[in-house]
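User: I am new to this structure and would like to learn how to read its features. Please guide me through them.
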Amino acid sequence: MELKTTIIKESAPHIRRKDNLVGMMLDVIIALLPLVIYGFVVFPVAMARNLFIIAAVMELSEFVFVLVTNRLPVDGTKHTFKEQFLNGCKAYHLSNALVPLVSAIILALLMPTNMDNEALLYVSLITSALFGIIIGKLVFGGTGTNIFNPAAVGFVFAKTCYGSHFQYFDAFNPNGATIVDAGATPLGSEHIAIAGNGGTSIQLGTYSLLDLFLGNVPGGIGEACKLLILVGLIYLIVRHTIDWRIPLAYLGAFFVMMLIAGFVLWFGYKIDDPWTFALYELLSGGVMFNAVYMATDPVTSPITHPGRVMFGIILAICTTFIRLFAAIPEGCVYSILIGNMLTSIIDYPKWSTNKWNWKNIVWPIAVFVVFALIELWALCVEVF
C-alpha cells in the first residue's frame, strides 16, 4: 500500500507544546524580567527611557498595521472611520501586543545607556524602533512571516547610524568616566582585535572573569550580567519555550573556536593562558544574550533539531570571524542577521529533517572543521 504524505502550510512560530503564542511570549517576558529589573536598579533613567519609547513606538506600529490590514472590504458601501477602526480593533489580539513587546524589551536592553547628544538619543530610539518593527517584520506581513529578528534589525540600524555617539557606563560605577561606543568596552580597548594589532601582546584588561560574569563592566544594559542571562536560559529551557540546541551549539562552538585562537596566540607569546582568553571572549559582549534571547526566536530560526544545531554553529563562526578579523570588536547581532538569511536554506525540505542521520551529523561537523581550519590559517599568518 502506498503511503502519501500531506504537507500543511502554516506560518511560524511552529509551537510543539500544549501552549499557544501568548504563553510563549509571556515566558520570554518572564525570562527577561531579571535583566529588566537589573536595568532599573543600575540605570533607572536609561532603562525607563529606552523601554518606554521603544515599546510605545513598536506597539503603535503594530496596532496601525492591524488596522490597515483588516480594513472592511470594498463592497459598494461607504464605511465610516469609526466602522473601519472598530473592525480593525476586533482583529487585534493579545498576541499582537505581546510579540512587539518582546522585541521592544530586547532592543531596549541592547541600546546604550546614553549618547553624547541628548536630542539624538531620542531620535535614535524612535527611528531604531520604527526600522526594526517595520523593515524587520511588518513589510514581510507581520508575525510569523518575517525572516529577520526585528530587534536585531533595529539595533544594527542604530549601530550603523548612531554608533559613534553611543555611550556606556560601568554598571557599578554609573557616575564614573563615560565610555564612548564599544572602543573602550572589554571587547574594544581592553581586548585588541587580532587583525592589525601590530604584533603587540593582547591585554585582556582590568576586568576579571568574575566582573564579566556579574556585570561589573561597561556595555549594553541587558548584555552585562551573565548570571541573570543564565537564569533566563534555565527558565526558558524548563518551560520548553526555546530549544536548548541553539544556545548550546552557538556557545559551545564559539568557545572552541576562541580556544583555538587562544592556543595560536599562546604559541605566539601574545597571551599567557588560552583558556582564560576563551572564557573572556565568551563572557564579553553580547554573545550570551544573543544566544539565549535572539538566536532562539521561533520565527527566524530553523524548525528541525539538526537544523538548529547547524544554525548555532553558523552563528558561532560568524561571531568569531567578526570579532577576530573585522574592524568592529563585536559581531553578535550581525551574526544573527546572517543566520536569519540562511534559515530558509537550512529548512529546505529536500534535505531538512527532524531525524538524525549520517548526513545531518556530518554536515555541521564538516562546516565547523572547515571554518576552524580557515581561522587557524588566518591566525597563524597574522601572528607568525
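User: Where is His240 found?

Analyst: His240 is found in the loop between helix 8 (226-238) and helix 9 (245-267); helices are DSSP runs (H or I, at least four residues) numbered from the N terminus. The model is predicted: local features need pLDDT of at least 70, side-chain atom pairs count only at pLDDT 80 or more, and totals for chains, interfaces and linings use all residues. Residues are numbered from 1 along each chain as its sequence is written, and side-chain values use heavy atoms, with hydrogens and water left out.

User: Is His240 buried or exposed?

Analyst: Buried means under 20% relative accessible area, exposed over 50%, and partly exposed in between (1.4 Å probe, protein chains only). His240 has a relative accessible area of 61%, so it is exposed. His240 also has a positive phi of about 60 degrees, although it is not a glycine.

User: How is a pair of aromatic rings described?

Analyst: A pair of aromatic rings is described by the distance of the centres and the angle of the planes. Rings of Phe, Tyr and Trp (its six-membered ring) pair if their centres lie within 6.5 Å; planes under 30 degrees apart count as stacked, over 60 as edge-to-face and the rest as tilted. The whole structure holds 13 aromatic pairs. One of them, Phe131 with Phe157, is stacked, at 4.4 Å centre to centre and 15 degrees between the planes.

User: Which helices hold Phe131 and Phe157?

Analyst: Phe131 lies in helix 5 (residues 118-135) and Phe157 in helix 6 (residues 150-162), so the pair ties together parts 26 residues apart in sequence. Phe131 counts as partly exposed at 29% relative accessibility, whereas Phe157 counts as buried at 19%.

Notes. Helix = DSSP H or I, 4+ residues; strand = E, 2+ residues; numbered from the N terminus.
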